[in-house]
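I opened this entry to keep a record of what I looked up, in the order I looked.

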Amino acid sequence: MISVRNLTKRFGDFPAVQDVTFNVKKGEIFAFLGPNGAGKSTTSKMLTTLLAPTSGSVEIDGLDPAKQGNQVRKQIGIVFQDPSLDTELTAYENIEFHGVFYHVPKRVRRERIPRLLEVFGLWERRDSFVKEFSGGMKRRLEIARCLLHTPKIIFLDEPTLGLDPQTRHQLWSQVKQLNQDEQVTVFLTTHYMEEAERVADRIAIIDHGKIIAEGTASELKSATSADSLEQAFLNLTGSAIREEEATSLDRMRNMAKMFRR
Amino acid sequence: MSCIYILWIRQLKRYIRSRSRIVSSLGQPILYLVALGFGFGPIFQKAGEGSYLQFLAPGVVGMTILFTAMFNGIELLWDKQFGFLKETMVAPVPRVLIMLGRTLGGTTVAVVQGLIVVIVCTLAGFRPVNWALIPAAIAFMVLIGFLFTAFGTAVASLLSDFQGFQLVMNFLVMPIYFLSGALYPLRHAPPALEAVARIDPLAYGVDGLRAAFLGSSHFGMLTDFGVLAFAALLFLGLGSYFFNRIQL
Ligand SMILES: Nc1ncnc2c1ncn2[C@@H]1O[C@H](COP(=O)(O)OP(=O)(O)O)[C@@H](O)[C@H]1O
Ligand SMILES: [Mg+2]
């Protein structure tokens with residue numbers, strides 16, 4: 001379903017993703033596990049048509065995201081690492097917008113939107129503006145939104161970052177159910193080991209833009225002779241701490257502060 | 001089609017909900033109208049040019065549409081920074097349609113602002129000469145709005161943060177405004193200024209508005225219309241091109 005060959009992305013001289021190769025089968029849940037700055041989001045963006053690769057090839061359901069962007073976009077649903085809601089609109093308006101943009105017929109929207117908002121505990125707040133939402137509520141809305149158009153592949157870039165255990169549980173049970181019922185393929189990135197272990201069929205460990213190990217959780221453990229995936233992860237990536245780069249939103253907040261003086 | 005519609009509705013909703021923006025964006029035109037309109041009025045009159053308020057009002061309407069439209073185009077930067085642009089960019093909708101929806105939304109908001117300023121001008125004493133030509137005036141307002149929303153979108157597609165925004169305002173928008181003949185008659189302007197106005201799309205917009213509101217124009221109404229329509233299409237193409245190349 002996803003086939004990636006020697007994928008490389010450079011920002012100037014800096015190689016964010018280097019010579020990455022992997023395959024994801026239909027109906028599989030595949031996790032990219034890696035520390036901050038490993039190149040997980042950059043890879044997701046190249047797979048989802050948002051960023052053009054420097055070199056290498058990508059096939060999504062047999063299509064090339066760089067050339068057949070629109071056909072690829074029809075097949076996929078995405079939850080980004082950074083927020084992607086219109087905060088000046090209400091929760092309902094945001095998800096309705098998504099439905100229209102993904103050509104979900106009105107009848108289906110009327111039926112599915114309330115159900116999804118209900119599942120993610122947002123139905124009561126459907127008419128509140130997203131700018132009044134907490135981080136967790138925004139995340140829940142983004143996840144509900146991504147499930148609205150029943151995509152063939154869903155991409156989840158650190159979807160549980162900053163979520164409470166209840167919402168995390170809700171998210172993964174929804175994803176697993178979707179995966180089982182409709183054979184939806186899932187590509188997820190995370191830096192939580194236990195999450196990768198619990199949810200994913202197969203895991204690739206990525207660091208400094210390179211895949212350094214790949215397999216099921218137990219394969220990874222035995223390959224590094226570690227008792228836990230966490231130990232395996234640390235054995236592979238070392239224990240140096242990675243700083244999170246300032247996100248565009250942080251930069252934006254700084255701008256806003258400057259303007260206010 | 002429904003994608004264009006929902007983008008359009010989104011912009012209208014955002015506009016209506018930001019009351020502070022509506023009020024603050026009306027402050028500037030009113031200031032121009034009062035300070036310049038009444039301040040220069042007597043001198044203009046003495047120079048034998050008639051009422052300065054009559055002359056100035058279409059210029060201030062043009063200015064309002066220019067600023068609102070540019071701002072609406074540049075709003076793309078907000079969507080880029082706050083992330084909503086990603087949501088539209090990964091949807092299975094051709095980017096040309098996204099560009100078109102945004103541009104139509106921005107145009108509508110700009111024209112509404114322009115109409116509000118027409119009413120304000122009328123309250124200040126401005127009187128259109130020929131009421132039958134009001135539809136022509138509105139057509140010119142739509143063209144100006146469309147052109148500069150597309151222009152703003154093209155510019156915002158090329159910028160990655162707000163540092164470039166001030167640059168655009170100071171070196172693009174302000175010259176477009178001041179050199180357009182919105183504030184002074186091109187007829188008596190030094191040849192160099194007149195020549196510059198000839199390559200300023202807003203000059204044709206303001207001139208078209210004067211043609212429609214006052215029945216007098218510098219370039220001729222048909223020329224105004226032709227140049228504006230051509231420039232609008234050009235900027236739509238340019239905007240679509242740059243918009244299509246955005247990487248996030
Ligand atoms: N647009 C960009 N320009 C320059 N460098 C970037 C850009 N996007 C990401 N990077 C860099 O590429 C590296 C990988 O980033 P990313 O893919 O976001 O990592 P992850 O999602 O695994 O935390 C980081 O060092 C980051 O600073
Ligand atoms: Mg990331």
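Where is the place of B:R102 in chain B? I find B:R102 in helix α6 of chain B, residues 95-124. Helices (H or I, at least four residues) and strands (E, at least two) are DSSP runs, numbered from the N terminus.

Before going on I note the ground rules: this is a predicted model, in which local features need pLDDT of at least 70, side-chain atom pairs count only at pLDDT 80 or more, and totals for chains, interfaces and linings use all residues. Residues are numbered from 1 along each chain as its sequence is written, chains are lettered from A and ligands numbered from 1 in the order in which they are written, and side-chain values use heavy atoms, with hydrogens and water left out.

**B:R102**

Buried means under 20% relative accessible area, exposed over 50%, and partly exposed in between (1.4 Å probe, protein chains only).

I then listed the contacts of B:R102, leaving aside neighbours within four places in sequence. They are B:L7, B:R10, B:Q11, B:E75, B:L76, B:D79, B:L85, B:T149 and B:F243. Contact means heavy atoms within 4.5 Å.

**Chain B**

I count 11 helices and zero strands in chain B. For its 248 residues a compact globule would have a radius of gyration near 18 Å, and chain B agrees, with 18 Å. The radius is taken over C-alpha atoms, and the globule rule is 2.2 Å times the number of residues to the power 0.38. Along the principal axes, the C-alpha atoms of chain B fill a box of roughly 60 × 35 × 35 Å.

In chain B, 56% of the 248 residues are buried. Of the contacts between residues at least 6 apart in sequence, 80% join residues at least 24 apart. Chain B exposes about 10300 Å², and carbon and sulfur atoms supply 73% of that area. Accessible areas come from the Shrake-Rupley method with a 1.4 Å probe; for residues, only the protein chains shown count as cover.

I also checked charge: chain B has 16 positive and 9 negative side chains, with the centres of the two sets 8 Å apart. Lys and Arg count as positive and Asp and Glu as negative, while His and the chain ends are not counted. Each charge is placed at NZ of Lys, CZ of Arg, CG of Asp or CD of Glu.

**Chain A**

Chain A has 10 helices and nine strands. With 261 residues, a compact globule would have a radius of gyration near 18 Å; I read 19 Å for chain A, which agrees. The C-alpha trace of chain A spans about 50 × 50 × 40 Å along its principal axes.

Buried residues are 53% of the 261 in chain A. The accessible surface of chain A is about 12000 Å², 48% of it from carbon and sulfur atoms. Chain A carries 36 positive and 35 negative side chains, and the two centres lie 5 Å apart.

**Magnesium site**

Which atoms coordinate the magnesium ion (ligand 2)? I find A:S41 (OG) and A:Q81 (OE1), at 1.9 to 2.0 Å. A:S41 lies in helix α1 (residues 40-47) and A:Q81 in the loop between β5 (76-79) and α3 (91-101) of chain A, so the pair ties together parts 40 residues apart in sequence. Donors are N, O and S atoms within 2.8 Å of the metal (3.2 Å for Na, K and Ca); water is not among the atoms, so sites may look incomplete.

A:S41 is buried, with a relative accessible area of 18%. Not counting residues up to four places away in sequence, A:S41 touches A:Q81 and A:D157.
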